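Hi,

Here is the structure I promised to pass on.

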Amino acid sequence: MDKLIVHGGATLHGSINISGSKNASLPILAATLLTGDPCIIRRVPDVSDTNYMIQILSALGAEVERSSGTVRITCGEISDVAPYDLVRRMRASICVMGPLLARKGRAVVSLPGGCVIGDRPVDLHLRGLEALGAKVEVEGGNILLTAKDGLRGAEIDLRGTHGPTVLGTDNVMMAATLADGITIIESAAAEPEVLDLANFLNSMGAKISGAGTRRIVIEGVKELHGVEHTVIPDRIEAGTFMAAAAIAGEGVRLNRVSREHLKAITSAIEESGHRVEFNEAGDSCVIHRGEQTRGVDLVTAPYPGYPTDMQAQMTALLATTPGISVIKDTIFPQRFMHCAELKRMGADIKVDAGTAVVRGVASLSAAPVMASDLRASAALLLAALKAKGSTEISRLYHIDRGYEHIDEKLLMLGANVERVKG
Ligand code: EPZ
């Protein structure tokens, strides 16, 4: 297993391009199951999660070609059984369920396991697909969905105890595109990645309105056709590098971003005393590290609120920001695995009942630390940039799931990092 050695103390400068969004690419790749025509998707990041999705689609029978960030995919003859050994490795593969059911009238997908950030139920997905007329059975760890008379439009409320579901909204929206009649999704997720998927589906001939709001209306059509699409920028990668620049940068510039998608992250970073300057077009920004910085209180929320996927990275920044910060994760209350590792580096953090209380310390010190999940490992990397000494981060595969060539991008910014093949 690869390790990353981060020699703290280097000042980051210069500019990098942010990659296409992992969390938009995954459902968009799954949506190609809805047509037998070829689809071309650009700016798909080369990360293990998208590679897993491409492997799953190939195993289902799709023809896939990938050259740098462009994926050409044709789901001609496809099976309705998703391969367990691949699906079990990536929870997000659950988003093949909706398109498979709509295209084939049947879908067999293994129940996703939990993960370190918390129990990952799919009850809302199943409730939505059942409302569209699917028969749902769970046996032997597999979900078996059948709709031998096809799917029919319905009014569905997808709200759960922790708010809307992103992939649940995606699954129901994709299935509804080929249902007979009108589907209304109330309490829908409004993330930019859901809107990007809706735009992709509408380019395929779907009739979706309201995506990006809490109420999405889908008018079913008979069939969908092939399309070309460029994926939106990855707002979480951008936010991660914004935090890196606030920790150890001097005028770092990030290109290929979306100011609109970064509003909550930008305001949190500016509230703690740094400045983010966007260009006129809003697709590039420079981060100016503040002299007077202070702790902030953060509560994660569904978009457009502060994203749970940026909670760990902000904690790394606040660990050496003067003052007290209180960070509450309302979406994944257990998502604090990074705190124990940050404390090994000298951070002062108390975690209790879904909330972390961070007391800023003057500096952190290097220590061997272990990545536990995608965003937690990013937080450790950020903390190591300014820690005294050389930090060794093991289980790097967690980071490679969602960040495209993160060590190369950090090297381009002047960070002193080296990947050790393990
Ligand atoms: C998506 O996961 C993202 N993944 C996650 O990013 C992100 O953290 C999450 O949305 C929340 O924004 C992708 O887009 C591939 P949810 P998803 O369904 O859709 C509960 C990353 O780091 N829930 O929106 O699986 C659930 O337990 C990843 O890139 C139910 O109760 O998350 C959670 O508390 C990690 N029942 C809340 O809803 C359900 O049926 C939100 O989960 C589904 C979800």
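The buried residues of helix α5 (residues 123-131) pack against α4 (97-104), β7 (135-139), β8 (142-146), β9 (155-157) and α6. Those buried residues are Leu124, His125, Leu126, Gly128 and Leu129. Here "buried" means under 20% relative accessible area, "exposed" means over 50%, and "partly exposed" is what lies in between, with a 1.4 Å probe and protein chains only. Packing, touching and contact all come down to heavy atoms within 4.5 Å. Helices (H or I, at least four residues) and strands (E, at least two) are DSSP runs, numbered from the N terminus. Just after α5, Gly133 takes a positive phi of about 110°.

Before you read on: this is a predicted model, where local features need pLDDT of at least 70 and side-chain atom pairs count only at pLDDT 80 or more, while totals for chains, interfaces and linings use all residues. Residues are numbered from 1 along each chain as its sequence is written, and side-chain values use heavy atoms, with hydrogens and water left out.

Helix α9 (residues 263-271) is worth a look too. Its buried residues are Ala264, Ile265, Thr266, Ala268 and Ile269. The cover over them includes α8, β15 (275-278), β17 (297-299) and α10.

Now the helix pairs. Axes are lines fitted to C-alpha atoms, for helices over the stretch in contact, and the angles run from 0 to 180 degrees between N-to-C directions. Angles under 35 degrees count as roughly parallel, over 145 as roughly antiparallel, 65 to 115 as roughly perpendicular, and the rest as oblique. For residue classes, Ala, Val, Leu, Ile, Met, Phe, Trp, Tyr, Cys and Pro are nonpolar, Asp, Glu, Lys and Arg are charged, and the others, Gly among them, are polar.

- α6 (residues 166-176) and α7 (residues 192-203): the axes come within 10 Å and cross at roughly 15°, so the two helices are roughly parallel to each other. On the α6 side the contact is made by Val166, Thr169, Asp170, Met173 and Met174, and on the α7 side by Val194, Leu197, Ala198 and Leu201. By class, that gives 7 nonpolar, 1 polar and 1 charged residues.
- α8 (residues 235-248) and α10 (residues 311-318): these axes come within 9 Å and cross at roughly 5°, which makes α8 roughly parallel to α10. Ile236, Thr240, Ala243, Ala246 and Ile247 in α8 meet Gln313, Ala316 and Leu317 in α10. The classes here are 6 nonpolar, 2 polar and no charged residues.
- α1 (residues 22-31) and α2 (residues 48-59): they pack at an angle of about 5°, with their axes 10 Å apart, and that makes α1 roughly parallel to α2. Lys22, Ser25, Leu26, Leu29 and Ala30 of α1 make the contact with Asp49, Thr50, Met53, Ile54 and Leu57 of α2. By class there are 6 nonpolar, 2 polar and 2 charged residues.

Leu197 lies in helix α7 and counts as buried because its relative accessibility is 0%. Leaving aside residues up to four places away in sequence, Leu197 touches Pro27, Ile28, Ala31, Asp170, Met173 and Met174. Leu197 and His229 are 32 residues apart in sequence and 9.9 Å apart in space, C-alpha to C-alpha.

Thr74 sits in strand β5 (residues 70-74) and, at 18% relative accessibility, also counts as buried.

On the backbone side, the peptide bond from Tyr303 to Pro304 is cis, with omega near 10°. Pro304 is in the loop between β17 and α10. Ser68 is not a glycine, yet its phi is positive, near 45°. Ser68 is found in the loop between β4 (63-67) and β5 and is exposed, with a relative accessible area of 67%.

As for the whole protein chain, there are 14 helices and 23 strands. Of its 422 residues, 58% count as buried.

Cheers
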